Amino acid sequence: MITGHVMMATSLDGFVARKDHTLDWLTKQRVSNEEHGFEKFQESVDVIVMGSRSFKTVLGFGGWHYLKPTVILSNSMSTKDIPAELRDKIEISNLKPVKLMEMLQQRGCKRVYVDGGAVVQSFMRLGLIQDMKITLIPILIGEGIKLFGKLDGDIDLKVESVNHFKSGLITTHYTVL
């Protein structure tokens with residue numbers, strides 16, 4: 001059975017980005033050279049699914065930091081919007097989350113890294129997320145894009161582990177019940 005997994009950072013007040021989708025608050029944090037588990041997490045998945053806004057934001061960081069094939073969910077992007085050097089690593093899909101997961105399962109994928117605020121929200125609402133690693137960044141930004149938007153009902157979580165880093169970052173691993 002295919003499963004969805006999240007690894008994201010939020011500000012202390014629960015935002016994954018500013019209203020304009022920028023992440024300057026994240027990149028200015030003093031994360032030093034600590035290993036926060038991102039590479040190990042990427043190694044544990046077969047494919048990455050993200051939205052077009054997250055994709056465009058990540059491109060702005062310079063270089064491609066993802067190790068696995070990536071699917072960009074978009075109704076407006078085309079292959080020409082993907083830099084030539086990434087076209088063998090990235091595909092665009094307009095499938096809805098359930099249909100996308102079915103297609104990925106047919107391809108042999110078992111673990112999907114779900115990335116980006118809106119995409120995480122849609123997969124969460126549909127019960128497609130098995131677990132999440134949420135890293136809390138010690139900063140308040142006041143307003144922005146929430147990691148979790150409106151829900152149809154409660155989603156119960158179980159804390160599996162909590163890791164504190166010298167930089168002040170705290171990562172909590174949750175299982176979705």
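Throughout this tour, a residue counts as buried under 20% relative accessible area, as exposed over 50%, and as partly exposed in between, with a 1.4 Å probe and protein chains only. The model is a predicted one, in which local features need pLDDT of at least 70 and side-chain atom pairs count only at pLDDT 80 or more, while totals for chains, interfaces and linings use all residues. Residues are numbered from 1 along each chain as its sequence is written, and side-chain values use heavy atoms, with hydrogens and water left out.

Next, select His 21, which sits in the loop between strand 2 (15-17) and helix 1 (24-27); helices (H or I, at least four residues) and strands (E, at least two) are DSSP runs, numbered from the N terminus. The phi of His 21 is near 75°, a positive value in a residue other than glycine, and His 21 is partly exposed, with a relative accessible area of 26%.

Move on to Arg 107 and Glu 91, whose side chains meet in a salt bridge of 2.5 Å, N to O. Because Arg 107 lies in the loop between helix 4 (97-106) and strand 6 (111-115) whereas Glu 91 belongs to strand 5 (residues 90-93), the pair ties together parts that are 16 residues apart in sequence. Arg 107 is partly exposed at 48%, and Glu 91 is partly exposed at 27%.

Now turn to the interior, where a nonpolar core is a set of buried Ala, Val, Leu, Ile, Met, Phe, Trp, Tyr and Cys residues joined through side-chain atoms within 4.5 Å. The largest such core has 24 residues, and those touching the most other members are Val 6, Val 49, Leu 104, Val 112, Val 114, Phe 123 and Ile 129. Among the elements that give two or more residues to this core are strand 1 (3-11), strand 3 (47-51) and strand 4 (70-73). Which element gives the most to this core? Helix 5 does, with four residues.

Display helix 5 (residues 117-125) by itself, and its buried residues are Gly 117, Val 119, Val 120, Gln 121, Phe 123 and Met 124. Just after helix 5, Gly 127 takes a positive phi of about 75°.

Apart from neighbours within four places in sequence, Leu 104 is in contact with Ile 2, Val 47, Val 49, Val 71, Cys 109 and Val 112. A second, separate core of 15 residues can be picked out by way of Phe 41, Ile 48, Ile 82 and Tyr 113, which it includes.

Finish with the strands, which are said to pair if DSSP finds at least two bridges between them. Strand 1 and strand 7 pair in the parallel sense over eight bridges, and Val 6 has Met 132 in strand 7 as its bridge partner. On strand 7, select Leu 136 as well, which stands opposite Ile 170 in strand 10; six bridges join strand 7 to strand 10 (residues 170-176), and these two strands run antiparallel.

How values were computed:
A salt bridge is a side-chain nitrogen of Lys or Arg within 4 Å of a carboxyl oxygen of Asp or Glu. Contact means heavy atoms within 4.5 Å.
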